[in-house]
Amino acid sequence: MGRVTERRRTLRIRDGAVSSRADTLVAEEPLEIRLNGKPLAITMRTPGDDFALAAGFLVSEGVIAEGGEVQSIVYCAGATADGVNTYNVVDVKLAPGVMVPDITLERNVYTTSSCGLCGKASLDAVRTTTRHPVGDTPPVRVTPELLSALPDRLRAAQKVFDRTGGLHAAALFSEEGELLDVREDVGRHNAVDKLVGRALTDGRLPLSRSVLLVSGRASFELAQKAVMAGIPVLAAVSAPSSLAVDLAAESGLTLVGFLRGPSMNVYAGEHRIALEAGVH
């Protein structure tokens, strides 16, 4: 849609020299997600991959788990009072017979680009709603060397970040380190939803042989999204939260934080990290 970035006039000050120029910024707009015509959630996102974002969000919420459970995803025509389509409202129509949890329709949540649905879920809720429990058999095995190479591969694939410096990213890698998909968004939780939603529509869920890498920190919500998609390994370049570690330990998720060069911390699921003999 050509709305991923926008230009804004800015005053530049460099070593005392003042100039005026246009700067490229990442776009941020609200997206309202409707479910069977009823408002469900509003998220602040970077336009693009909106249908995947909506589908991934519903996977994270435990509403759907397979592509066949979605009948259609469309932009709502006449989304404004004067009938203009803003492309900021999408409606997901579920296939006949797909049950919708009552709490989903009642919550009508608002998410932010910085933290998503802060604190709204519990470990019990994730455990009871996921239909793709972490079940990689045999377990995915990744070496520290493979993990350490992933952030550079993600950074090289960030096209919009190069122009704006203002986007988070999430990437899926194979257990051999092959880049499978990458998505950017002003909110890292949206970037993950876009990955999961694309995998849903492509019939690739659960993502049981993959590694999810996220820029920034690993919050509880990102760990939740990994678990809901059946992803066995979540790695982040920054710190995890305590609740993310608790969820990872309980669900069997491997959680890696502070992934920077050859250094990293493994907070849960260390059985998937292939260490040299005698290294502990």
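Colleague: Between which two strands does the loop with Glu178 lie?

Modeller: Glu178 belongs to the loop joining strand 8 and strand 9, strands being DSSP runs of E with at least two residues and helices runs of H or I with at least four, both numbered from the N terminus. The model is a predicted one, in which local features need pLDDT of at least 70, side-chain atom pairs count only at pLDDT 80 or more, and totals for chains, interfaces and linings use all residues. Residues are numbered from 1 along each chain as its sequence is written, and side-chain values use heavy atoms, without hydrogens and water.

Colleague: Why does Glu178 count as exposed?

Modeller: Exposed means over 50% relative accessible area, buried under 20%, and partly exposed in between, with a 1.4 Å probe and protein chains only. Glu178 has 51% relative accessibility, so it counts as exposed.

Colleague: With which residues is Glu178 in contact, leaving aside its neighbours within four places in sequence?

Modeller: They are Leu172 and Phe173, contact meaning heavy atoms within 4.5 Å. The C-alpha atom of Glu178 is separated by 10.0 Å from that of Leu146, which is 32 residues away along the chain.

Colleague: What makes strand 8 and strand 9 a pair?

Modeller: Two strands pair if DSSP finds at least two bridges between them. Strand 8 (residues 168-174) and strand 9 have six bridges, in the antiparallel sense.

Colleague: How many bridges join strand 10 to strand 11, and in which sense do the strands run?

Modeller: There are four bridges, and strand 10 and strand 11 run parallel. Val211 stands opposite Val233 of strand 11. From strand 11 (residues 233-236), Val233 and Ala235 point one way while Leu234 and Ala236 point the other way, and all are buried.

Colleague: Which residues make the nonpolar surface patch, and what is its area?

Modeller: Leu11, Ile13 and Val18 make a patch of about 320 Å². Patch residues have over 30% relative accessible area and no salt bridge; like charges are joined within 9 Å, and nonpolar side chains (Val, Leu, Ile, Met, Phe, Trp, Tyr) within 5 Å. A salt bridge is a side-chain nitrogen of Lys or Arg within 4 Å of a carboxyl oxygen of Asp or Glu. Accessible areas come from the Shrake-Rupley method with a 1.4 Å probe, and for residues only the protein chains shown count as cover. Leu11, found in strand 1 (residues 5-14), is exposed, with a relative accessible area of 58%.
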